[in-house]
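This report describes a protein chain together with two ligands. It takes up the annotated domain, the ligand surroundings, the nonpolar cores and several backbone features in turn.

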Amino acid sequence: MRSFVPSEGYSEVTDMPVRKELGTALVNGGAGFLGSHLCERLLQRGHRVICLDNFSTGRRVNVDHLASNARFQLVEHDVRQPFDIEASLIFNFASPASPPDYQRDPVGTLLTNVLGAVNTLDCARKTGAVVVQSSTSEVYGDPNQSPQQESYCGNVNPIGPRACYDEGKRSAETLFFDYHRTYGVDIKVGRIFNTYGPRMRLDDGRVVSNFIVQALRNADLTIYGDGQQTRSFCYVDDLVEGFLRFSAAGDACHGPINLGNPAEITVRRLAEIVRDLTNSRSQIVHLPAVTDDPRQRRPDISRAMADLGWQPCIGLETGLARTVDYFDGLLAGAEKAEAV
Ligand code: NAD
Ligand code: UDP
């Protein structure tokens, strides 16, 4: 495996030491919500960036602003098919992530996660790249332990409607660790907890974007079930900072590492906060609960704090306000386009 010489320098966007040779970073799923922020930060950091995407849930517009950068390249490709790209760092973020998105084509979701992991790892094996996997808190399923520590093996229903995603991500973790043990591939597995921010789609279907868009339209805020289920929401900039630190961590740091914000709230409380922030006239309504919806979710981030010196620093109200501004602009643009 290729090794890097740690630099004494510090990047502009993080106070972590950066590698002297900032080689090519490949971002699978780079035109998606998280991937596009990651591409942006990697370019700022000095990498050449190849963004690989099939645009199934991501959009070209997310990376349009990077197109003029000579160090940025966009490649249309499906990770279910093999690829051979020379890179020193690979981030595998290619997978639908919103429950309505990943349940629309469950077989495709499972195969994207399994074959995508195999093809990404084979590519890393050939080039000697460090390879970073975007895993998920869904590997814990509907957890019986809270907060969730990385040592917890989870409680996943293997035949339910979420299994295509949960088991796909669990299999991907297995493949990452087996490629590491068997072939010595330098892997890093990060388990992402609910992350939100600008560049989520209007129709993404996840709770933060749904509530904000509903509130801005003065439409009903739709709570699935009793609203007492909890989540812990992380702002996108914090999450990307965590991944940058993880990717720069030493050869012995493979994870899995939880990356998320441990501030836990109920879905009901989130609805109230969003309604207040937007001064909306929306009503809060309850719809039937969704099958296998985890009742509680909160990361234990002790490992990330110890190994990466990382913890989130953007609070929920600040992050939500930035996200509201983003959707406000998007809706104003959409209404203007309709009026023409
Ligand atoms: P997203 O849907 O916005 O981004 C996913 C990207 O992957 C899209 O650009 C999509 O077009 C691309 N993609 C999907 N299938 C592909 C395929 N077969 N080949 C090539 N590209 C493909 O979702 P996101 O929130 O940005 O999530 C990115 C990654 O982070 C996903 O792997 C997701 O599982 C993981 N994750 C996200 C969260 C979160 O809260 N946002 C939480 C846990 C894990
Ligand atoms: N949720 C909701 N209303 C919505 C969308 C989601 O009440 O319009 C709930 C959903 O049932 C879950 C929580 O919000 O309990 C988080 O859902 P999301 O789809 O954002 O993420 P995930 O379930 O993957 O954590």
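## Annotated domain

The model is a predicted one. The UniProt record, an unreviewed entry, lists residues 25-252 as "domain: NAD-dependent epimerase/dehydratase".

## Surroundings of the ligands

Ligand 1 is surrounded by 28 residues, and the closest are Gly29, Gly32, Thr57, Gly58 and Ile192. Helices α1 (33-45) and α3 (106-127) and strand β7 (130-136) each supply at least two residues of this shell. The most comes from α1, which gives three residues. By class, the shell around ligand 1 holds ten nonpolar, 14 polar and four charged residues.

Around ligand 2 there are 14 residues, of which Arg206, Val207, Asn210, Ile223 and Tyr224 come nearest. The elements giving two or more residues to this shell are α5 (207-216) and β10 (221-224). Strand β10 has the largest share, with three residues. The shell around ligand 2 divides into six nonpolar, five polar and three charged residues.

Arginine 206, one of the residues that come nearest to ligand 2, is found in the loop between β9 (195-196) and α5. Arginine 206 is partly exposed, with 19 other C-beta atoms within 10 Å. Beyond its neighbours within four places in sequence, arginine 206 is in contact with Ser98 and Met200. From arginine 206 to glycine 319 the C-alpha distance is 16 Å, with the two residues 113 apart in sequence.

## Nonpolar cores and buried positions

The largest nonpolar core comprises 74 residues, and those with the most contacts inside it are Val27, Leu38, Ile90, Val131, Phe211 and Ile212. Apart from this core lies another, of five residues, among them Ala97, Tyr102, Cys164 and Tyr165. Within the largest core, leucine 38 is one of the residues with the most contacts. When its neighbours within four places in sequence are left aside, leucine 38 is in contact with Val27, Gly30, Phe91, Phe93, Val240 and Phe243.

Which residues of helix α7 are buried? In this helix (residues 267-277) they are Leu270, Ala271, Val274 and Arg275. Seen down the axis of α7, these buried residues fall within an arc of 130°, so they line one face of the helix.

Asparagine 113 lies in helix α3. Is asparagine 113 buried or exposed? Asparagine 113 is buried, because 31 other C-beta atoms lie within 10 Å, and 20 or more are required for that class. Leaving out its neighbours within four places in sequence, asparagine 113 is in contact with Ser95, Gly168, Lys169, Ser171 and Ala172. The C-alpha atoms of asparagine 113 and leucine 330 are separated by 30 Å, the two residues being 217 apart along the chain.

## Backbone features

Most residues other than glycine have a negative phi, and most peptide bonds are trans. The table lists the departures from these two patterns that are described here.

| Site | Feature | Value |
|---|---|---|
| Serine 146 to proline 147 | cis peptide bond | omega about -5° |
| Glycine 255 to proline 256 | cis peptide bond | omega near 0° |
| Phenylalanine 55 | positive phi | phi about 60° |
| Asparagine 279 | positive phi | phi near 50° |

Proline 147 lies in the loop between β7 and α4 (163-183). Proline 256 is located in the loop between α6 (236-248) and β13 (257-259).

Phenylalanine 55 is found in the loop between β4 (48-53) and β5 (72-76). With 13 other C-beta atoms within 10 Å, phenylalanine 55 is partly exposed.

Asparagine 279 follows helix α7 and has its place in the loop between α7 and β15 (284-287). Is asparagine 279 buried or exposed? Asparagine 279 counts as exposed, because it has 9 C-beta neighbours inside 10 Å, and residues with 12 or fewer belong to that class.

Technical notes:
Residues are numbered from 1 along each chain as its sequence is written. Chains are lettered from A and ligands numbered from 1 in the order in which they are written. This is a predicted model: local features need pLDDT of at least 70, side-chain atom pairs count only at pLDDT 80 or more; totals for chains, interfaces and linings use all residues. A residue is near a molecule or strand if its C-beta atom, placed from the backbone, lies within 6 Å of it. Helices (H or I, at least four residues) and strands (E, at least two) are DSSP runs, numbered from the N terminus. Ala, Val, Leu, Ile, Met, Phe, Trp, Tyr, Cys and Pro count as nonpolar, Asp, Glu, Lys and Arg as charged, and the others, Gly among them, as polar. A nonpolar core is a set of buried Ala, Val, Leu, Ile, Met, Phe, Trp, Tyr and Cys residues joined through C-beta atoms within 7 Å. Two residues are in contact if their C-beta atoms, placed from the backbone, lie within 7 Å. The arc is that of the directions from the helix axis to the C-beta atoms. UniProt positions are given in the numbering used here, feature names are shortened, and annotations may be inferred rather than shown by experiment.
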